[in-house]
Amino acid sequence: MDIKIFEGVKTPFYYYDKELLERTLDAVEACTAGTKMKVHYAIKANSEPEILRIISSRGFGADCVSGNEIKAAIECGFRPENICYAGVGKTDEEILTGIDADIGCFNIESIEEIDILSTLAAKRGKRVTVALRVNPNIDAHTHEYITTGLKENKFGIDLRVIEDAVRKVKESQNLDLGGLHFHIGSQITISEPFKILCERINDLQAKFRFEGTDFRFFNVGGGLGINYDNPDENPIPDFASYFDTILSCLHLEEGQEVHCELGRAIVAQCGSLISKVVLVKKGLEKNFVIIDAGMSDLIRPALYGAHHKIENISAAGKSADKIYDVVGPICESSDVFGKDELLPETKRGDLIALRSAGAYGVAMASRYNMRDLPGHLIK
Ligand code: LLP
């Protein structure tokens, strides 16, 4: 990282490597061109307008989970027909935002929501395309807070009542059943859960075909994980294996499409949270590097016990032979980015990079302790 470009930028801030983002998008395009796969970017991972514009300019769709995300997607160039909208608790106002914008698909997460959406579409005199989000009861083998496809999770419609949901949608004049939607979790680093998901989809497809229901698409959600330990070794996730698994395991009929909603895999590695060392506090037991970024800027370590690689970029090239706890300034004991980190000798004023922070970093930032939100630099 060339720290000269950071001169004069107020810390903490998120730095996005535009070139890496573009190369990541190139890789996604290369793997999906000419296939039945249509990629939607999950806006929740990072909704910086400049990032949204870069992604929308490639023609990808957008996966939104709020009315504001729908508005941001459209403002930043995503075409409404390429927008899908998921969420277990969409408000009437948010649903109407989607209906009025003529978005491509509503992912319905409960039987109760079918009537609500149908009534609101009728109110606007429109027929809207929907997908039913199925809870496939698959263990994604990831952190429990980001596992979404188990039957105890609040997401999606239980497999055992999906037939009732299909019937109900088909009865509505204002709903057009386009497909089925799934999302089993996030930061999934093995292919097995995706294979099991494809098998479930194949079974459902066979069952519904037998009963005379056809789907135009299956949305497999997001979830492809990244390498947090070695961001430089694998800056671009293994999209080829991921898409290969999905496209080879799914039995698609003529004309059917697969949709996916990747967030983290697209934006995580291009972002780092850049922070300045406020002071190094020498203790009897531990030495603390106290930085000016805290859990309000990047909550993943405090919330999930996640670890982002920590680098002293002012001391690049020097040998990492000192042990520190790297912590933020916030009044919470969980405001810790790393314990017993091996770093070069670190001093007040050094710049620290918390790597792989492009996804769910600024997107989850808050103003806790009345702090300013972090800034950003895209270069
Ligand atoms: N589609 C749906 C319906 C989702 O709920 C999510 C993420 C995605 C797609 C995108 O998943 P991705 O490709 O990014 O894994 N804050 C957590 C992650 C929460 C993910 C929520 N849903 C974290 O920082 O790890």
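Let me begin with a definition: a residue is called buried when its relative accessible area is under 20%, exposed when over 50%, and partly exposed in between, using a 1.4 Å probe and the protein chains only. The model before you is predicted, so local features need pLDDT of at least 70 and side-chain atom pairs count only at pLDDT 80 or more, while totals for chains, interfaces and linings use all residues. Residues are numbered from 1 along each chain as its sequence is written, and side-chain values use heavy atoms, with hydrogens and water left out.

I turn to helix α7. Helices (H or I, at least four residues) and strands (E, at least two) are DSSP runs, numbered from the N terminus. Helix α7 covers residues 192–210, 19 residues in total. From first C-alpha to last, α7 reaches 27 Å, close to the expected 27 Å; that expected span is 1.5 Å times one less than the number of residues. Its buried residues are Pro193, Phe194, Leu197, Cys198, Ile201, Asn202, Leu204, Gln205 and Phe208. These buried residues pack against β6 (128–135), α6 (162–171), β8 (175–181), β9 (217–219) and α8 (239–249), where contact means heavy atoms within 4.5 Å. Just after α7, Gly212 takes a positive phi of about 90°.

In the loop between β8 and α7 we find Ile188, which is buried at a relative accessible area of 1%. Ile188 touches Pro193 and Phe194, and also Ala140, Gly223, Leu224 and Gly225, not counting residues up to four places away in sequence. The C-alpha atoms of Ile188 and His141 are 7.0 Å apart, although 47 residues separate the two along the chain.

Strand β6 contains Arg133, likewise buried, at 5%. The Arg133 side chain reaches the backbone oxygen of His183 at 3.4 Å. Such a polar contact is a pair of N or O atoms within 3.5 Å; within protein, one must be able to donate a hydrogen and the other to accept it, and residues adjacent in sequence count only if both atoms are side-chain atoms.

Finally, the ligand. Of the 18 residues around the ligand, Ser186, Glu261, Arg300, Tyr304 and Tyr360 come nearest; a residue counts as near if one of its heavy atoms lies within 4 Å. A ligand oxygen is 2.9 Å from a polar backbone atom of Gly263. A ligand nitrogen is 2.7 Å from a side-chain N or O atom of Tyr304, and a ligand oxygen is 2.6 Å from a side-chain N or O atom of Tyr360.
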